[in-house]
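Subject: Structure handover

Hi,

Here is the structure for your set-up work. Please look through the coordinates first, then read the notes below.

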Amino acid sequence: MALHDPAREAKLRRGPSKTAASPAIWISGAVAAWAVLAPLLIPGKAAGWTTAVAAATGFAAATVIAFRRPKRDDANIAPAREAGESIFRHGPFPLVIADAAGRVRDANDEALQLYGYERLELDRLSLSELTAPRSREKQQVELSMMHRSGYEMDIRLTLSPCPLEDGGNGIVVLSQDLGEQKRSSERIRYLAYYDDMTGLPNRRLFMNTLAEALTRPRMSGRKAAVLYLDLDRFKLVNDSFGRDFGDMLLLQVAERLSRNLGESDLAARMEGDEFAVLYDNVATEAEALERAQLLLRLLEEPFELQGHPFHMSASIGIALAGAGSDPVAVIKQADIALGMVKDNGRNGCMLYTGETDNSSLERLTMQHEMKLSLTRGDFRLFYQPQYEIETGRLIGMEALLRWEHPERGTIPPGEFIPIAEESGLIVQLGDWVLGEACRQNKAWQSAGLPAVPVSVNLSMRQFLQRNLKERVERILAETGLEAQYLELEITESMTMDVKYATACLLDLAELGVRISIDDFGTGYSSFHHLKNFPIHRLKIDRSFVRDIRQDPNDAAIIAMAHNLNLPVIAEGVETEEQLIFLKTHRCDGFQGYYRSPPLPVEEAEKLLREAGGRTE
């Protein structure tokens, strides 16, 4: 385009042509046209509309300017007319041309699609017939219009004047479908306040609802109860069966949490496998605990997943709050109580008290001190001997981790192992145990002591490490220990993902290490799967041994293990009576305080010397 156009500048100096209508003229014309058409659309209600419509007609007026009757002295009208015709026919907006009587004279394809009519059908209608009855009483530009099928649509009309071919005055009606806009707004609101996968409210809506609940005055003694819930070992489900399986489980959990909610109660998915439930009107702590226990019972019922029953447990922390409480602080309190439940073994519920804050700080402190102790060398291995029942000879050692804290003294594994698992430090600790046990066993053998396998427990996180075989292989190479003198103990729950467990165990078996199932009888494994795993022996959990005289049916565990043609060793043997019972039922081996507690390295070495009948 030229920067300097003398003809164009001269035209501008002459002012607007007689045939060109300014926007102001067109808007005024639209108002005048509306004054004619409004009684046809909404009898008796036209006066209040004219101002509102005038503000909305500029765009439509500009697009239909080519429809006015051409002047012979206007040489540029043909291209403009063709452009206007193209805009009208092919533009993305629904456009309707009506005469002064409100009869439809023409409509573009977008308008036909919006209203659901064929062109000939629409041409026989008037604008009043398209208007829903309830909108004929409204004084606004946004109307409810009728689709051919009979349902109402929310429409915004923009009106512009349009000279007709026969010389009459008409009007262009620009229709905008507000339904899609409203649906989009609703979708945006849904995504902002609801969990897209479960359909439950999300954290934002839960916090808003809780904040509102805590501003309302309450009857004497009544409080709001917040239950913060976490599915136990849900990560194991995802890792074992895949996220689709986990999502199906979360959907069923969401459905159960939504049962039996009052009008002002709310269940929400906070994130991942964490949920929260608000009970807005709770009288006592006992009532809050009772409701939490009801949820636990609901979740204990087996879930149906891919045609198979599946059991899941949960942990729940509870916080009570009166009017005026801080919603963020209430959630934090419930989360702290949830952490206490996890530390105590999961699958339970606990009410927040002020003392619980100290426990949370204690967990963080212990995590920090464990990291320091790993670098300082404060951890030790103790070794518990394993004996053959028939002969009493030493057949192995189990390596057990102990923490010798420089200030607190010996810290029991039950206090720090759950925190190590929660924080992920268990992998680093587990690698240290594996390396130290192999190094010590090799040192004993190099000193001429009897060569017996040393058993090391693998944590769940270790077992799920994709490079587990390479780690074990590297440690054996670094320490020089032959693979046959290392036994890795896993729990039944680690074999839930049969495909992964089979591949992993076969890889380890290829190295020549021994594999045993620890705590046999307490997990999820089926005999069919155990029979296909490369397992060398089974260990009966100490809970069976402890009650074996009170419940002799527990001895059936030994028979079940023998059906797999695997040797069986019993843990936690503390009395001669237990040992005799196990021997009667053909248990193969045992370990426990009846014969020997876990021993420090020096005493374990002394025991090996006695078993070998030799000295240096």
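**Aromatic pairs**

Phe379 and Trp403 are both buried, meaning under 20% relative accessible area, with exposed over 50% and partly exposed in between (1.4 Å probe, protein chains only). A word on the source: this is a predicted model, where local features need pLDDT of at least 70, side-chain atom pairs count only at pLDDT 80 or more, and totals for chains, interfaces and linings use all residues. Residues are numbered from 1 along each chain as its sequence is written, and side-chain values use heavy atoms, with hydrogens and water left out.

The structure holds 6 aromatic pairs. One of them is Phe379 with Trp403, stacked at 5.3 Å centre to centre and 25 degrees between the planes. The two residues are 24 apart: Phe379 is in strand 13 (residues 379-388), Trp403 in strand 14 (residues 394-405). Rings of Phe, Tyr and Trp (its six-membered ring) pair if their centres lie within 6.5 Å; planes under 30 degrees apart count as stacked, over 60 as edge-to-face and the rest as tilted. Helices (H or I, at least four residues) and strands (E, at least two) are DSSP runs, numbered from the N terminus.

**Charges over rings**

Arg256 lies over the face of Phe303, at 3.8 Å from the ring centre. Arg402 has its charged end over the ring of Phe382, 5.8 Å from the centre. The test is NZ of Lys or CZ of Arg within 6 Å of the ring centre and within 35 degrees of the ring normal.

**Salt bridges**

Side chains of opposite charge can pair when their charged atoms come close. A search of the whole structure finds 28 salt bridges, each a side-chain nitrogen of Lys or Arg within 4 Å of a carboxyl oxygen of Asp or Glu.

- Arg408 and Glu369 meet at 3.2 Å, N to O. They are 39 residues apart, with Arg408 in the loop between strand 14 and strand 15 (409-411) and Glu369 in helix 15 (residues 356-376). Arg408 counts as partly exposed because its relative accessibility is 35%. Glu369 is at 16%, so it counts as buried.
- Glu436 bridges to Arg439, with the closest N and O atoms 2.6 Å apart. Both are in helix 17 (residues 425-446), and they are separated by about one helical turn because they are 3 residues apart. Arg439 has 40% relative accessibility, so it counts as partly exposed.
- Glu487 and Arg537 meet at 3.0 Å, N to O. This pair links distant parts of the chain, 50 residues apart: Glu487 in strand 17 (residues 486-491), Arg537 in strand 19. Glu487 and Arg537 are both buried.
- Salt bridges with shared partners join Glu85, Arg89, Asp106, Asp109 and Arg119 into one network.

**Strand 19**

Arg537 brings us to its strand. From strand 19 (residues 537-540), Arg537 and Lys539 point one way, Leu538 and Ile540 the other, and all are buried. Strand 18 (residues 514-520) runs parallel to strand 19, joined by 3 bridges. Two strands pair if DSSP finds at least two bridges between them. Strand 19 also pairs with strand 20 (residues 568-570), in the parallel sense over 3 bridges. Leu538 stands opposite Ile517 and opposite Val568 in strand 20.

What is the strand order in the open sheet of 5 strands? The order is 7-8-6-11-12, with mixed pairing. Strand 7 (266-271) and strand 12 (348-351) are the edges, each pairing on one side only. The twist averages 20 degrees from one strand to the next. Axes are lines fitted to C-alpha atoms, for helices over the stretch in contact, and angles run from 0 to 180 degrees between N-to-C directions.

Strand 6 (residues 223-231) and strand 11 (residues 314-321) run antiparallel, with 8 bridges. Val226 stands opposite Ala319 in strand 11.

Two helices go with this sheet. Helix 12 (residues 243-257) lies across strand 6, strand 7 and strand 8 (274-282), at about 5 degrees to strand 8. Helix 13 (residues 285-300) lies across strand 6, strand 8, strand 11 and strand 12, at about 155 degrees to strand 11.

**A loop residue**

Ser126 lies in the loop between helix 7 (119-123) and helix 8 (127-130). Its relative accessibility is 14%, so Ser126 counts as buried. Not counting residues up to four places away in sequence, Ser126 touches Gly102, Arg103 and Val104, where contact means heavy atoms within 4.5 Å.

Best wishes
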